[in-house]
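Me: I'd like to learn how to read the features of a protein model, one at a time. Could you take me through this one, starting with how open a side chain is to its surroundings?

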Amino acid sequence: MNILRLVTSFKGNESQSYQLGNKIVEKLKNQLPITNIVTRNLAKNEMPHLNEMHFTSFMTPTDKLSDELKDAVSYSDQALEELISSDIIVIDVPMYNFTIPSSLKAWIDHVVRTGITFRYTENGVEGLVKNKTVYLAISSGGVYSDGPMKDFDFTEKYLKNILGFIGLTDIHTFRVEGVAIPGIKETAMSRAVQSIESQLIIK
């Protein structure tokens, strides 16, 4: 089993989403024959945000790529190789202004490619990245899984929609939330870890 780990917080080891992602990986390693873990730190090594050159490189046949276009498409090709060769994807997702970090959005823009990760058919869209499991480690200062702020959460819903679009539908979410709220933050991580221990069970 191969794991692809996406780190997206710029706070390093202090990041709550990173710590939660670590717990998920540890739990998986205890239950599965993990042979390889590829960690892509999108905060330290950002992928370029999609521009016209990248889009042109996606649409150009391989044998027609100029040196400039080969360089442009290389970011996407590497990310796709890591994604497609993985069995499990663990994504650390700190909530920034109600949504995902722009570094993660850039990665998504490079892996959502027509003809490779999805295609249009007479029956609609078909996701081409299948038979993989995704674990989301979401952290937030407030509480967004339920209650009055739930409608402000554009992390989990967006990720489930866009990943599902390319065929990744087996998605499991774990949250450490309320980390900025007195009375909640003190036990936020322990409660999140407890949810992993009780719910992340491979059968």
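Predicted model: local features only at pLDDT ≥ 70, side-chain atom pairs only at ≥ 80, totals over all residues.

Reply: Happy to. Phe-152 has 36%, so it counts as partly exposed. You will find Phe-152 in the loop between strand S6 (133-140) and helix H5 (156-165).

Me: Which residues make a nonpolar surface patch with Phe-152?

Reply: Phe-152 makes the patch with Phe-98 and Phe-154. The area of this patch is about 270 Å². Phe-98 belongs to another loop, the one between S3 and H4. Its relative accessible area is 30%, so Phe-98 is partly exposed too.

Me: What should I look at in the backbone of Phe-98?

Reply: Look at phi. Phe-98 is not a glycine, yet it has a positive phi of about 75°. Asn-97 is another case: it is not a glycine either, and its phi is positive at about 50°. Asn-97 is found in the loop between strand S3 (88-94) and helix H4 (102-111).

Me: Is Asn-97 buried or exposed?

Reply: Exposed, with a relative accessible area of 74%. The cut-off for that word is over 50%.

Me: Now for pockets. What is the volume of the largest pocket, and which residues line it?

Reply: With a pocket, read the volume, then the lining, then the classes of residue in that lining. Here the largest pocket has a volume of about 200 Å³. Its lining includes Ser-9, Lys-11, Ser-15 and Gln-16.

Me: Let's turn to charges. How many salt bridges does the structure hold?

Reply: There are ten salt bridges in the structure. For each one, ask about the distance between the N and O atoms, the place of each partner in the chain, and how covered the partners are. In the bridge between Arg-40 and Glu-82, the closest N and O atoms are 2.8 Å apart. This pair links distant parts of the chain, 42 residues apart: Arg-40 is in strand S2 (residues 36-41) and Glu-82 in helix H3 (residues 67-84). Both Arg-40 and Glu-82 are buried.

Me: Which residue meets Asp-77 in a salt bridge?

Reply: That is Arg-113, with an N to O distance of 3.0 Å. Asp-77 lies in helix H3, while Arg-113 is in the loop between H4 and strand S4 (118-121), so the bridge ties together parts that are 36 residues apart in sequence. As for cover, Asp-77 is partly exposed at 38% relative accessible area, whereas Arg-113 is buried at 9%.

Me: And how exposed are Glu-126 and Arg-119?

Reply: Glu-126 has 22% relative accessibility and counts as partly exposed. Arg-119 is partly exposed as well, at 41%. The side chains of Glu-126 and Arg-119 meet in a salt bridge, at 2.6 Å from N to O.

Me: Which residues are linked in a network of salt bridges?

Reply: Asp-153, Glu-156, Lys-160 and Arg-175 are linked in this way. Let's follow one member, Glu-156, which lies in helix H5. With a relative accessible area of 18%, Glu-156 is buried, because the cut-off for buried is under 20%.

Me: How do I compare separation in sequence with separation in space?

Reply: Read the two numbers side by side. Glu-156 and Asp-146 are ten residues apart in sequence, and their C-alpha atoms are 12 Å apart in space. Thr-121 and His-110 are eleven residues apart in sequence, with 22 Å from C-alpha to C-alpha. Thr-121 is found in strand S4 and, at 28% relative accessibility, counts as partly exposed.

Me: Where is Gly-167 placed, and what separates its C-alpha atom from that of Lys-64?

Reply: Gly-167 is in the loop between H5 and strand S7 (170-177). Along the chain, Gly-167 and Lys-64 are 103 residues apart, and their C-alpha atoms are separated by 29 Å. Gly-167 counts as buried, at 17% relative accessibility.

Note on methods: Residues numbered from 1 in each chain as written. Heavy atoms only, no water. Patch = residues over 30% accessible without salt bridge, like charges linked within 9 Å, V, L, I, M, F, W, Y side chains within 5 Å. Areas by Shrake-Rupley, 256 points an atom, 1.4 Å probe, with all protein chains shown as cover. Salt bridge = Lys/Arg side-chain N within 4 Å of Asp/Glu carboxyl O. Helix = DSSP H or I, 4+ residues; strand = E, 2+ residues; numbered from the N terminus. Buried < 20%, exposed > 50% of the residue type's maximum accessible area, 1.4 Å probe, protein only. 1 Å grid on protein atoms, 1.4 Å probe; cavity = no way out; pocket = protein on both sides within 12 Å on 5 of 7 lines; lining within 4 Å. Points joined across faces, edges and corners; volume = space filled by probe spheres on them.
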